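Thanks, everyone. I have one structure to go through today, so please have the sequence and the coordinates open.

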Amino acid sequence: MRGRWRGVKYDFDWSVLWSGESGGWLLQGILTTLEISALAWLLAVALGILSGAMRTVPFAPLRAIATFYVEFFRNVPILVWMFFWYFGVPPLLPHAIRDWLFNHGAEFWAGMFALGVYHGARMSEVIRSGIQSIPKTQFEASMAMGLTVWQAYWLVIVPVALRLIVPPATNESLNLLKNSSVALTISVAELTFQTRQIETYTAKAIEALTAGTLIYLVLCVSIAIIMARIERRFAIPGLIARVGAG
Amino acid sequence: MKRMLAGLLSLAMVLSLSAPAFAETTLEKINRTGVLTIGTRTGSPPFAFVNKQNEWVGFSIDLVEQAIAPAISKKLGKPVKVEKKESTPATRIPLLASNAVDLIAGTMTDTRPRRESVDFTLTFFVTGAQFLVKKGSPIKGIQNIAGKRIAAQQGSTNERIIRERVPTAQLRVFPDQPGAFQALAQGQVDAYTNDGVQLAGLIAKAPNPADWHIVGDFYSYEPYGMAMRKNESDFRNLANNGLMEAIESGKYFELYDKWFGPKGEVPYPLTTENKRFMELQVVPK
């Protein structure tokens, strides 16, 4: 297909996306992106719940630790964290472990930690806002029922907060997935890397970029749909006014 | 309803008219604006880089400013200003296609697949892929990289050759030179492969140049050309004429010496073979 679009002169050839090795590369890229994002997401959620809850407890040292974690990790660009985990951490490890890691995907694990720890700090704020939106009386009622602080959090506050924060948490999860593309700077062969790879081999940059864009779109929309279903599935009837979530 | 439709239609008309009714050629664009916009690198010494005085300079940029721009300016009968924009291997073809730049003047290897998307000037520099290793490394060339961790730069032709010729090598592909070099310095990889002249550029900039060695014969052929939009023979001829005149007049070799000579940014002597190759590209007047 020969195209002129608003004065842009470029020969489109969409077959580069599936001919040769391209199809396999794209598939591999999608898998790596999903793999690194899923692992990082688990880490981010775990760190987020822990530090988000810690920031609201009535015990100052715990709050201080959590605040330090959040402010330190969310206020440095993700790219810097990628370099930190890939270039900065290995020299601190014993020689044998380091060598083993270098031969077994050190870049993948560095990227996973960078993403997980960074987004954990951001997730923490989401969770804190959820917890703080719960009336103080619920906490007081739990105490009055004879629960310990830990039990009040684990059985009442956190489960309710998690339901409240599904929309912002979805937002954060989508950001995490898209930010996984930054891992290509430390040689993780994820989706964006593979679209560039196709560009390298075929010199068809616009086709490759378009494919990458559409794949990210499909992945993100799918996640958004799944999260919307989760939101409906776990909603507590009568808890808050729900608009449009029939 | 009818009025709304009419309104929409006229809006669509206005929008389509505001875009150029027919595509302008590169030469017409330069004639209208008086500017030749090039896409070039910021970190590829000595071809195109930002120097210690914070100036954006280099061999490729000099060739455009001192050989190609004057040829265009002579043809159009008016001064032509050269404007620089950053381009990377991933962005250079889209930049050309979208008219954001008119010429890619950096370190782009002329290849057959690339010629399906863009046109190239004649070859302005010849090099080939080699390996950069720490002093004392057992790697002596492509013959002994099997099983080793090798860093390469994405968008380079040599990464592809390694994949095909030594599939057992563990390739780690980085988007840029600094990342790959850092990985080599820390031992994440055993060697870093790229065009020999790029490696020489890295060593020249490194804190301890003596710690590094470039090893192996050229295992790829990397002829650098400048890329432009396809099917613009008038513009291409002007660019080529500018380069040919520079080779003929000796200007090219002066510039070569300025950047690659013993006192240059990256010492990389011109072989007699390559000198002859450059001269043979000049067609008669």
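Chain B of this predicted model splits into domain 1, residues 22-126 plus 224-280, and domain 2, residues 129-220. Between the C-alpha centres of domain 1 and domain 2 of chain B there are 26 Å. At the boundary, 12 residues of domain 1 of chain B meet 11 residues of domain 2 of chain B. On the domain 1 side of that boundary in chain B, six residues are nonpolar, five are polar and one is charged.

The largest one has 83 residues, and the members that touch the most others are B:Leu63, B:Leu103 and B:Ala191. Which helix gives the most to this core? Helix α3 of chain B, residues 59-76, with nine residues. Take B:Leu103 as an example. Leaving out residues up to four places away in sequence, B:Leu103 touches B:Leu36, B:Ile38, B:Val64, B:Met226, B:Met228 and B:Ala239. There is also a second, separate core of 45 residues, and its members include A:Met54, A:Val70, A:Val182 and A:Ala183. As background, nonpolar side chains in soluble globular proteins tend to be buried together.

Next, a sheet in chain B. Five strands form an open sheet in the order β11-β10-β12-β9-β13, and the pairing is mixed. Its edges are β11, residues 170-174, and β13, residues 212-215, of chain B, each of which pairs on one side only. From one strand to the next, the twist averages 30°. Inside the sheet, β10 (149-153) and β12 (191-195) of chain B run parallel and are joined by three bridges. If you want one pair to look at, B:Ala152 has B:Thr193 in β12(B) as its bridge partner.

Some local points in chain B now. The peptide bond from B:Pro45 to B:Pro46 is cis, with omega near 0°. B:Pro46 sits in the loop between β2 (43-44) and β3 (48-50) of chain B. Is B:Gly201 buried or exposed? B:Gly201 is buried, because 26 C-beta neighbours fall inside 10 Å and the cut-off for buried is 20 or more.

For B:Asn99, phi is near 70°. B:Asn99 is in the loop between α4 (92-97) and β6 (103-104) of chain B. B:Asn99 counts as partly exposed, because 18 other C-beta atoms lie within 10 Å. For A:Ser187, phi is near 70° as well. A:Ser187 is in the loop between α8 (166-179) and α9 of chain A. A:Ser187 counts as buried, because 26 C-beta neighbours lie inside 10 Å.

Now for chain A as a whole. Its secondary structure consists of 10 helices and two strands. Reading from the N terminus, the order is β-β-α-α-α-α-α-α-α-α-α-α. Along the principal axes, the C-alpha atoms of chain A fill a box of roughly 75 × 55 × 30 Å. Of the 246 residues in chain A, 38% are buried. Taking contacts in chain A between residues at least 6 apart in sequence, 77% join residues at least 24 apart.

Conventions. Residues numbered from 1 in each chain as written. Chains lettered and ligands numbered in written order. Predicted model: local features only at pLDDT ≥ 70, side-chain atom pairs only at ≥ 80, totals over all residues. Helix = DSSP H or I, 4+ residues; strand = E, 2+ residues; numbered from the N terminus. Buried ≥ 20, exposed ≤ 12 C-beta atoms within 10 Å, placed from the backbone. Contact = placed C-beta atoms within 7 Å. Domains from an automatic or database assignment. Nonpolar A, V, L, I, M, F, W, Y, C, P; charged D, E, K, R; others polar. Core = buried A, V, L, I, M, F, W, Y, C linked by C-beta atoms within 7 Å. Pairing = 2+ DSSP bridges. Axes fitted to C-alpha atoms, helices over the stretch in contact; angles between N-to-C directions.
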